[in-house]
Amino acid sequence: MTTTATQGSRGGPESQAPRGHASPGAALAVLPHVLRTALAWTDAHRGEFALPDDVLDPRTQVNATLKPLGELAQLCSTVRAATAPGTPEHEVAGDLVTYAWEQVAQGALLLELLRTEPFAAYPYEIYAAFAGYGLRHEGFEALARPLTATRAWAHTEQHANRQLGLINSERRVGVLTHTDAGAVLSRTWLGGLAEPWTFEGPSGYALTHTVFHLTDWGRMPDRVPEKTDAYLRTWLPAWADGCLESGQWDLTGELLAVGASLPGPPPLELLDAVWPVLADVQHATGCVPETGVPVQDPAPDPYPFIDCYHSTLVTAFAAALSLRSLTDGSGPSRERHTP
């Protein structure tokens with residue numbers, strides 16, 4: 001198996017890779033604290049997600065402005081769906097989605113983006129994150145409806161896992177999908193059941209997002225085909241082990257979210273082996289670095305925002321899904337889908 005960082009970057013033999021040494025209940029022992037502190041850090045840094053005044057300027061970097069805000073909306077909406085009403089986690093996640101909606105002027109800013117780039121996928125996908133939560137903008141949908149019915153929209157050239165994201169966005173908005181999700185899944189690295197030893201950073205992120213788009217970010221686990229489910233249950237432990245050894249904390253979190261998004265019983269050994277390690281990586285303030293050796297600095301901001309916001313959001317997202325799967329319905333039930 002290949003990885004995207006030097007093996008043993010956590011410091012050699014003392015690295016806490018799982019290697020099958022899972023303690024029963026270890027995940028449940030750390031998950032509530034991990035989720036609570038990751039959300040607390042995100043809430044305390046919500047101002048870092050604010051859009052600049054020149055966000056509509058073509059020279060403004062989307063990846064440093066709209067992308068983080070869209071991820072805040074998407075992942076926090078899932079956290080809210082996976083947690084019980086009335087809990088602090090449920091309320092904080094909802095407040096963060098509301099904040100993100102305010103940043104896009106209740107959808108008006110996304111409408112302006114759509115007018116500027118009518119066949120770009122990202123305004124539509126960001127809007128779909130809000131639409132799936134129940135926040136809608138009539139003008140955006142009035143313009144998007146004829147655009148998504150064109151041949152140009154249906155034949156936009158993109159990687160298969162990205163196309164699955166667009167299909168899921170169309171489902172969320174409530175329009176006819178431009179193609180069949182099953183056919184697209186078969187063209188992905190995961191859908192082809194690629195040789196597991198070819199797993200590396202790019203294929204790892206491709207497979208995690210394939211699962212997220214397929215399951216609507218963990219809300220519809222029954223969309224995962226039986227063969228894909230078996231393949232993931234077999235190989236997730238080895239892939240997570242490699243990510244821990246190489247200090248790939250962001251990808252580790254995404255793999256944990258995938259494990260918690262599978263149909264049927266949760267992969268207990270994986271969750272119990274990996275979550276305590278990721279909990280140790282999490283800083284006291286709640287943030288989690290994307291990669292590398294965790295720092296011991298007690299300062300309130302031990303990492304630059306850009307180097308930890310995504311991994312911290314992913315940790316909260318994966319923790320909420322894992323808690324939901326492990327508590328067997330103590331929170332809101334999983335939505336089911338019949339193909």
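**Close-up views of a predicted helical model**

Figure 1. Asp229 is buried, at a relative accessible area of 14% (buried means under 20% relative accessible area, exposed over 50%, partly exposed in between; 1.4 Å probe, protein chains only). Arg233 is partly exposed, with a value of 29%. Their side chains form a salt bridge with an N to O distance of 2.9 Å; a salt bridge is a side-chain nitrogen of Lys or Arg within 4 Å of a carboxyl oxygen of Asp or Glu. Helices (H or I, at least four residues) and strands (E, at least two) are DSSP runs, numbered from the N terminus. This is a predicted model: local features need pLDDT of at least 70, side-chain atom pairs count only at pLDDT 80 or more, and totals for chains, interfaces and linings use all residues. Residues are numbered from 1 along each chain as its sequence is written, and side-chain values use heavy atoms, with hydrogens and water left out.

**Figure 2. The salt bridge between Arg162 and Glu125.** The closest N and O atoms of this pair are 2.8 Å apart. It links distant parts of the chain, with Arg162 in helix α8 (residues 160–173) and Glu125 in helix α5, 37 residues apart. Arg162 is partly exposed at 32% relative accessibility, whereas Glu125 is buried at 17%.

**Figure 3. The salt bridge between Arg172 and Asp216.** The N to O distance is 2.7 Å. The pair links distant parts of the chain: Arg172 belongs to helix α8, and Asp216 to the loop between α10 (201–214) and α11 (226–245), 44 residues apart. Arg172 is buried, with a relative accessible area of 9%; Asp216 is also buried, at 9%.

Figure 4. Leaving aside neighbours within four places in sequence, Ala131 contacts Arg136, Arg172 and Val173 (contact means heavy atoms within 4.5 Å). Gln103 is 28 residues from Ala131 in sequence, and their C-alpha atoms are 15 Å apart.

**Figure 5. The protein as context for the close-ups.** The secondary structure consists of 14 helices and zero strands. Of the 339 residues, 53% count as buried. The salt-bridge count comes to eight. Along its principal axes the C-alpha trace spans about 55 × 45 × 40 Å.
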